[in-house]
Amino acid sequence: MAYIGNTPAENYASFLTETFTVSATTNYTLSHAVTNENDIRLVINGVVQQPGSGKAYTASGTTLTLTSATVSGDVMYAVYLGRALQTVNPPAASVGNSQTAPTIITGQTAETSIATDDTILIHDTSASALRKMTRANFVSGIGGTNTPNFYVNRSGTQTISADTWTKVQLNNEVYDSGSAFDSSTNYRFTVPSGQGGKYFFQGSVYGYSGDNNLQRVHIRLYKNGSAIVVFSENDWTNQAYRNAQMYSSSAVLSLSAGDYIELWVALYSGGGTPTIDGSTATRLSGYKIIE
C-alpha cells in the first residue's frame, strides 16, 4: 500500500485518559475537542457508558453532556479513543532476546582493535545506569604499560684494569622508550620525573683475559654511584679452560624519580688484558613494573 509522506511505523502507544472532578451536574468540559461521543469511552464507577443521543452521554467539541447528572462520590473518567500518546521507547523490561534483531551489534563480530576515541559501555553501580566512556579514558583507569623501558648493549670492546670495579660503557641503544638511558657519557638509566616505582633489571657481561688467565667475574648494579646488587660472582681459577666467560642475572628495585642505575664489572685475571666483549652478550635492560 502506498503512502503520502513517511511510511507509518508501529510504535508502543498509550491512549490519553482524563479523570473528572464530579458534581451534581450533567455538563462537563473535555480537555481535548472531539468530533462526537464515539471518540471517547466514558466510564462511571467502573461501568462503561453507552454513547449516543438518548443513551448515557453525547459529546461535541469540548462539551460532554450526560443524560443523568452525577452525584457526589461518583468516579468518572474518559478514554480518548482517537488520541494516542505515542512513545518510542518500549516499557521497562518488556523486550527479550527474541524481540531483538541479530544485527543489533554492528557486523555481529567481535572487534579485533579499538580506536582511542571509540566508546565503551560500562555499568555505573552507584547510579544503577549504563554509561559510556572513550577507550583512552577507560584504559587510563586500569592496567598500564611497562614504561619506561630500555635495552642497551656494548658496541666494540672495552679494555679495563684487572681486579678493579669498572663501569660498563653500554654505548648502543636498541630501544629506550623514555629517552632515559644516557649511552654517550654516563652510561646510566635515570628514572624520569613521575615514574618512581618498582623496576625489573636484567644484565650480563662477557669478559675475557687471554689464554687461561681469567679467574673471576663479578657483576653488580650501582644505584646513585654505590653498589647495591651483586648480580653474580663466579670463580674459574681452578677450571681447565678460563679464557672467557659470560654471566647474567636479574633484580627488582624500588626507585624514585632521579635515581640512576649503572652496570659495573670486575674481571680478576692472572695475566693478559681484561676486556669486555663488544656484543649482545654484554647488555642491560629494564622496565617499570605495573602495580
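Here, buried means under 20% relative accessible area, exposed means over 50%, and partly exposed falls in between (1.4 Å probe, protein chains only). The model is a predicted one, in which local features need pLDDT of at least 70 and side-chain atom pairs count only at pLDDT 80 or more, while totals for chains, interfaces and linings use all residues. Residues are numbered from 1 along each chain as its sequence is written, and side-chain values use heavy atoms, with hydrogens and water left out.

Salt bridges come up four times in a search of the whole structure, counting a side-chain nitrogen of Lys or Arg within 4 Å of a carboxyl oxygen of Asp or Glu. One of them joins Glu 262 to Arg 188 at 3.0 Å, N to O. That pair links distant parts of the chain, with Glu 262 in strand β19 (residues 260–269) and Arg 188 in strand β14, 74 residues apart. Both Glu 262 and Arg 188 are buried. Together with Lys 167, these two residues form a network of salt bridges. Strands here are DSSP runs (E, at least two residues) and helices likewise (H or I, at least four), numbered from the N terminus.

Another salt bridge pairs Asp 124 with Arg 131 (2.9 Å, N to O); Arg 131 is partly exposed, at 41% relative accessible area.

Going from Thr 147 to Pro 148, the peptide bond is cis, with omega near 5°, and Pro 148 sits in the loop between α1 (135–140) and β9 (149–153). Tyr 187, though not a glycine, has a positive phi of about 55°; Tyr 187 is buried, at 13% relative accessible area.
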